[in-house]
Amino acid sequence: MTQQPREPVRVVVLGGGTAGWMTAAGIAALLPDLATVELVESDDIGIIGVGEATLPHIRGFVERLGIDEAAFMKATHATYKLGIDFRDFGRIGESYIHPFGTFGEKVADVGFHHYWLEMQRRGMAGPLGDYSFAVAAARANRFAPPETGEGLGSTYGYAYQFDATLFGPFMRQHGLKLGVTRHEGLVTSVERDGENGNVTALVLQDGRRIEGDLFVDCSGFRSLLLGGELTEEWEDWSHWLPCDRATAMPCAHVDGEPLRPYTTATAMPAGWRWQIPLQHRMGNGYVFSSAHLDEDRACEAIRNAAEGEPLADPRVLRFRPGRRRKSWSHNVIGVGLSSGFLEPLESTSIYLAQMAITYLIELFPDGRAIDPRDRAAFNRLVDMEYDRVRDFLILHYHATTRDDSEFWNYLRTMTIPDSLAEKMALWRDAGRVERYEDGLFYDASWIAVYVGQGLLPERHDPRAAIADPQRVKGALDSLRHAITAQVDAMPDHRAYLRREAGRLADAA
Ligand code: FAD
């Protein structure tokens, strides 16, 4: 029997920030005949305009939307990102890179890190980062896209660091090309169906009404539909993640400094500080806990810490860590800050918005009626994504020896979620990382942070201990040499960006 095509679903996206335009462009590109998309945004309110570092998953999204990478990089003044350099988290003076890539490779089905742990115990191995291609390239400020195939040059991924004020407008242009209809104006009221409570229309200040079947709330922290109109409850995680403020201050690059292909996160007495290198400037910010530091002192701290000349005064942003208990309620789906927020320690917010869009597309209503099973599945998936990220972030604060401030003493000694306690116990007892198919983060990420923050397991896979130590040492040494040789042949990060820009200009 042939399936009859249904009438397209009328999707209305409220908000034109990163989340709004990613949603609108994503639906328009991937569900062309199944949905029509209208987007409402207000120039008076504007966008949050922060959020510069991403995860490798964004590349797939950009590609699926048919966007040319070099053109996108140019338009958003973006740089490449191979990971995050965490400084002073486990202990003041120590640092490690959480790379977008693996450490070594499995031998006889035993994970590389088990051999490394054994050799490290014997004093026969260097730091774990020596065996990661991404770490070596980051430390050398070099970049080239990974190779295809199975060689060393294929063992890493990359993401982008872009100007958040340019990314939304870039996606807007793309969305408009894909047929999204844009309305500029302030939404002042919402119409609902008296029977089922579904939203039926957004009403703008000037009286325009935008009707729809499905509403995506991308109104940022305001959460106009999900939080405001539908009063969906917020699950507060500030007892685990007490940072609730950030002060952001862009700076000029320091002359002569290399362009880092990575984000830097430096732990501070009441939070941590980011440095995100873009092509034209450095993004800086201090994420902090207002219970441990006031806003004026945080602004002073970011001014003092900034290395380049400040390009603006520090701007304070306020937030609450957590997520809505339901991200899809009635016919409203929250994407982006309206559905939840986790501090940018691992650059996960845009990823979370992207995954919500992906799940929405997978579970998109077939016709105008919503199947409650799809809504429940969406909420389960989104919860899973948030919970996984939450645990990983808490690990950075909890696995520390820092006792130099009230903030760190609280985080080091607090009770953590059971789900994280179980993961940490598995690592501590057996050197193993909980496996899962969906959601962030994978083995190498957990291992990077555990080891980087000085949390070494009591035991590891016993098979790693029966291998001949001299042979294992030989293999580790040759891996390290091969990585160094290959990284030395890569272009400098800035040179690679120039080359790509030149290629784009030639093609124009
Ligand atoms: P917004 O950008 O706030 O957009 C909201 C939209 O809704 C706007 O267009 C506004 O005009 C519209 N709107 C609101 N109310 C109305 C109304 N009544 N009528 C009409 N329109 C309305 N994420 C990362 O992935 N990486 C990072 O490094 C990162 N760093 C961050 C640092 C900080 C300090 C913060 C606070 C966030 C960071 N994020 C980061 C998160 C990232 O900024 C957001 O996830 C992303 O920008 C998406 O925001 P949004 O589109 O949900 O909201």
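Me: Where is F441 found?
Reply: F441 sits in the loop between α12 (418–430) and α13 (443–452). Helices (H or I, at least four residues) and strands (E, at least two) are DSSP runs, numbered from the N terminus. This is a predicted model: local features need pLDDT of at least 70, side-chain atom pairs count only at pLDDT 80 or more, and totals for chains, interfaces and linings use all residues. Residues are numbered from 1 along each chain as its sequence is written, and side-chain values use heavy atoms, with hydrogens and water left out.

Me: Is the peptide bond from L440 to F441 cis or trans?
Reply: Cis, with omega near -10°. Most peptide bonds are trans.

Me: And what is phi of N141 near?
Reply: Phi of N141 is near 55°, a positive value in a residue other than glycine. N141 lies in the loop between α5 (133–139) and β6 (159–161).

Me: Switching to the ligand. How many residues surround the ligand?
Reply: The count is 33, where a residue is near if one of its heavy atoms lies within 4 Å. The closest are G16, V50, A53, V187 and I350.

Me: Which backbone atoms lie 2.8 Å from an oxygen atom of the ligand?
Reply: A backbone N or O atom of I350 does. One from V187 is 2.9 Å from a ligand nitrogen atom. For S42, a backbone N or O atom is 3.1 Å from a ligand oxygen atom.

Me: How much of the ligand does the protein cover?
Reply: 97% of the 1000 Å² of accessible area that the ligand has on its own. Accessible areas come from the Shrake-Rupley method with a 1.4 Å probe.

Me: Which elements give two or more residues to the shell?
Reply: Those are α1 (18–30) and α9 (349–362).

Me: How do the shell residues divide?
Reply: Into 17 nonpolar, 13 polar and three charged. Ala, Val, Leu, Ile, Met, Phe, Trp, Tyr, Cys and Pro count as nonpolar, Asp, Glu, Lys and Arg as charged, and the others, Gly among them, as polar.

Me: Now domains. What does the domain assignment give?
Reply: Domain 1 (9–79 + 162–236 + 325–378) and domain 2 (101–155 + 417–508). The bounds come from an automatic or database assignment. Their centres, taken over C-alpha atoms, are 35 Å apart.

Me: How many residues are in contact there?
Reply: Twelve residues of domain 1 meet nine of domain 2, with contact meaning heavy atoms within 4.5 Å.

Me: What area do domain 1 and domain 2 bury between them?
Reply: About 800 Å², 75% of it on carbon and sulfur atoms. Buried area is the accessible area (1.4 Å probe) that two parts lose on being put together, summed over both. A70, T79 and Y351 supply 39% of what domain 1 buries against domain 2, more than any other three residues.

Methods
Polar contact = N/O pair within 3.5 Å; in protein donor to acceptor, adjacent residues only side chain to side chain.
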